[in-house]
Amino acid sequence: MEKDIKKILLIIGHFAGVGDMLRASASWRALKNKFPTADLHLLFLTKDPIVDMEPHGLKSSMLCLYARLKYKIPSVGIAEFPGRGLFYTHKAPSSRVVLKSKDYTDRYFVVLKAFGIERQGLPIELEETEEGRQFRETMRSRFSIPEDVPLLGLNIGYGTPDALWKRPTLEKTQFRTAKRSSAQSPTSYLILFSPKRSKL
């Protein structure tokens, strides 16, 4: 399977928010390191392997099965529960078996075990656009944040129903964050969230 791979499709079944993209970026880097000449795509169907990064997504599983049966496109997925491995050409073991870390980024490496790829300390990646650079350079003056005050960014996410129960309340998050940054107090916070959570 590893010969002459030109393109790889990466599927994320649930809402792909900023946090999901950042957390998944380290696994994409590992995949790119393994296949340096391959193009990686998100949500674009190709004739080359489809990598289903979701351990539970039924929609992504069905897409992989359809692509394999109709178009002979090989796929790689996670055998999260009995029978799910049948949707894919190649399968990785269940995340419940191999995932030992609480680091959310590591969940995106479960499927890569089918390629023999481990994280090996790879960090998440973020590329700054020109628009982002301009915002960063003017942000402190726009929001009256002094240059000598540390700035801590918090991404509290999209708030999908299946994820809400896993998250601490905003009050707990604020307390934990303040506790960690107390040595550098005062600290300003930049909170990122979806418009659906604008009531915050």
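Modeller: Let's start at the end of a helix: H2 is followed by Lys-72, whose phi is positive, near 60°. Helices (H or I, at least four residues) and strands (E, at least two) are DSSP runs numbered from the N terminus. Keep in mind that this is a predicted model, where local features need pLDDT of at least 70 and side-chain atom pairs count only at pLDDT 80 or more, while totals for chains, interfaces and linings use all residues. Residues are numbered from 1 along each chain as its sequence is written, and side-chain values use heavy atoms, with hydrogens and water left out.

Biologist: Which residues of H2 are buried?

Modeller: Buried means under 20% relative accessible area, exposed means over 50%, and partly exposed is in between (1.4 Å probe, protein chains only). In H2 the buried ones are Ser-60, Ser-61, Cys-64 and Ala-67. They cover an arc of only 130° around the axis, so they are on the same side of H2; that arc is taken from the directions from the helix axis to the C-beta atoms. Turn to the other side of H2 and you find Leu-58, Lys-59 and Leu-69 exposed.

Biologist: What covers the buried residues of H2?

Modeller: Here contact means heavy atoms within 4.5 Å. The cover includes strand S1 (7-11), strand S3 (50-52) and strand S4 (75-78). H2 lies across those strands, S1, S3 and S4, and runs at about 155° to S3. For such angles, axes are lines fitted to C-alpha atoms, for helices over the stretch in contact, and the values run from 0 to 180 degrees between N-to-C directions.

Biologist: On to the sheet, then. What is the order of the five strands?

Modeller: Two strands pair if DSSP finds at least two bridges between them. That gives an open sheet in the order S2-S1-S3-S4-S5, with parallel pairing. Strand S2 (39-42) and strand S5 (90-92) are at the edges with a single partner strand each, so one side of each has no neighbour in the sheet. From one strand to the next, the twist averages 20°.

Biologist: How many bridges join S1 to S2, and how many join S1 to S3?

Modeller: S1 and S2 are joined by four, and S1 and S3 by three. Take Leu-9 as a landmark: it stands opposite His-41 in S2 and opposite Ile-50 in S3. Leu-10, for its part, stands opposite Leu-42 in S2. Moving across, S3 and S4 pair over two bridges, with Ser-75 in S4 as the bridge partner of Ile-50.

Biologist: Are S1 and S4 enclosed or open?

Modeller: Four of the five residues of S1 are buried, so S1 is largely enclosed by the rest of the structure. S4 is covered on both faces: Ser-75 and Gly-77 are buried on one side, Val-76 and Ile-78 on the other.

Biologist: Now the rings. How many aromatic pairs are there?

Modeller: Rings of Phe, Tyr and Trp (its six-membered ring) pair if their centres lie within 6.5 Å; planes under 30 degrees apart are stacked, over 60 edge-to-face, and the rest tilted. The count comes to four aromatic pairs. One of them is Phe-35 with Phe-115: the centres are 5.2 Å apart and the planes at 75°, so it is edge-to-face. Phe-35 lies in the loop between helix H1 (18-34) and S2, and Phe-115 in the loop between helix H3 (95-98) and helix H4 (130-142), so the pair ties together parts 80 residues apart in sequence. Both Phe-35 and Phe-115 are buried. Tyr-104 and Tyr-108 also pair edge-to-face, at 6.1 Å centre to centre with 75° between the planes. Tyr-104 is partly exposed at 33% relative accessible area, whereas Tyr-108 is buried at 0%.
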